[in-house]
Amino acid sequence: MKLNFYTKGIGLTLMVGCTLFFLFQSCKSSAPISAPLTPPYVDGLEEGYPSKVYSNLPKTLYYRVIEMDMPQSLREFRGVWIATVANIDWPSSPDDPYAKQKEDFIKLLDYYQSLNFNAVIVQIRTAGDAFYPSRYAPWSKYLTGKQGKRPDTLEDPLSWMILESKRRGFEFHAWLNPYRATMNMEISELSPEHDVLNYPQWMVKYDNKYFYNPGLPEVKSHLLKIIEEVVKNYNIDAIHFDDYFYPYQVNGQVFDDEAAYRRYAKQGQSKADWRRENVDDLVFAISQLVQSEKPWVQFGISPFGVWRNSSLDPRGSNTQTAQTNYDHLYADVLKWTENRWLDYLIPQLYWSTDFEAASYRELLNWWSRNHNNTTTYIGNGAYKIRDNADPAWNDPMELVNQLSLSNMTPNVNGNTFFSARSLFQKNQDVAQLIKDYHYEFPVLSPIPHRQIISPPSIVDPILILHGEGYAFQFREVVKPDYRYALIYTAPTLNDLQRRAEETNFQKIYLDDNDRFVVPILSFEGKPYIALSFIDRFGVETKPLVYKIEGKLLTRTE
């Protein structure tokens, strides 16, 4: 057993006293130091960093608290859609045992964590169904093999997915398809609990599917109950809709909502304007619901990439797509952003960089100019890599170059990839290129452009031994307003402040049962440590800076 602590100008008597103190402490396990701080002094810091420095015990230098300004963590949205409809991404098969499905989900999370992604957008409602126990929808056949059949577990799959995602530092965005009721016309495959059977008057047959009629007030009310159930019951970070509102139009087919139009449209209102108003009303109502229930939960939408073509509207983009949000899906995205109904927007720009009819470059710049102070990310079509008639997608650098353009474009705060399996199974070389060129280091996700509530104050922790390393111990429980602890460790103060390559980053999810002690998971002998917290709104507290000077306790060598 040996002692390792730094002394400077301390007399023999004090040295003996300190020795006895440390020997006494070595009989304890992870004992905290709770003595009051001494007055400030400066000693041993790198030149150019004048700071107030405190020792944690009188005349000892186990660690110091350094009072200095530190930069806030870098932020960029790095998301991936995990599609469950038709088992596109997960589960691999609805007939797999639940344990196998969990194993596969963990593999997805671990893979994207290794690429330094920070958000998963998981589809929990595909077509009038649910991947969670719901009062308003049957269990999804894509989870259990038969609609309405419970998974073979007492566990709530959604709660489990959320917890595992957050433990890996991901935001969890709950993705729901609002208006699609079925994927085909096979009524016999539906659960007796399905809305098609219980409320046939709500449905419209179109394109070999059933859709909820957006023009019916009772449909809107029903969809709001579904969203409310998810927001109230689950620890999600966002409610997320994709691009399906009124269905994509099919030549020769009519979406038969004439009766609802005649009953509910305003006098002189065209059917197109009435349809857009129906979607507007739902988007606004969900925005209000989420904000009133849990104001830290975001509401985001990933619309089709073209609002309108400029041939129909001078405000539109220089594109020639056959369908658009405004004219065919009846989704007036600009109105939603102008009215601040959304926390974020992810337009789906699934074309190659210079595709003639709708280029990524043109649409990236258009959305940059028309973000209307709504946090904007870009949706990228990873599913097209080496699997599309456009030869540009045969180039493994296509996505990498698209991200380079995004990074250079103002008002764009990150990217999301459709879909998870496209990079996880088919194109891992491209995924590695994305990491090498753009995602080399982990970052935080952005804070949406909206009013946030300041986090409560937190009592400074002390450092203790923990396992083979160290941990922060708090004098009182860390309040539930804080979701994550952020820990940076670095060999020098300069590396820590610059977040240099030698700096390690840890984002630790604070479980309900783990709010007194936060371990430093990757110390690696790097003595400079910064600690901050992320609250439920995504706000980071002012970092606290520490320097470890020696060992608190001795260990038997």
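Trainee: Is Glu 258 buried, partly exposed or exposed?

Mentor: Let's work it out together, keeping in mind that this is a predicted model. Buried means under 20% relative accessible area and exposed means over 50%, with partly exposed in between. Glu 258 has a relative accessibility of 26%, so the residue counts as partly exposed.

Trainee: Which side chain does Glu 258 meet in a salt bridge?

Mentor: Look along helix α7, which covers residues 258–264. The N to O distance between the two side chains is 3.0 Å, and the partner is Arg 262.

Trainee: What is the relative accessibility of Arg 262, and how does it count?

Mentor: The cut-off for exposed is over 50%. Arg 262 is at 67%, so this residue counts as exposed.

Trainee: And Arg 78 with Glu 76: are these two buried or exposed?

Mentor: Their side chains also meet in a salt bridge, at 3.0 Å from N to O. Arg 78 is at 3% relative accessibility, so Arg 78 counts as buried. Glu 76 is at 13%, so Glu 76 likewise counts as buried.

Trainee: In the salt bridge of Asp 313 with Arg 315, how far apart are the closest N and O atoms?

Mentor: Nice one to look up! Asp 313 is buried, with a relative accessible area of 9%, whereas Arg 315 counts as partly exposed at 47%. Their closest N and O atoms are apart by 3.4 Å.

Trainee: How many salt bridges does the structure hold?

Mentor: Some residues are linked in a network of salt bridges, including Asp 110 and Arg 167. For the whole structure, the number of salt bridges is 30.

Methods:
Residues numbered from 1 in each chain as written. Predicted model: local features only at pLDDT ≥ 70, side-chain atom pairs only at ≥ 80, totals over all residues. Heavy atoms only, no water. Salt bridge = Lys/Arg side-chain N within 4 Å of Asp/Glu carboxyl O. Buried < 20%, exposed > 50% of the residue type's maximum accessible area, 1.4 Å probe, protein only. Helix = DSSP H or I, 4+ residues; strand = E, 2+ residues; numbered from the N terminus.
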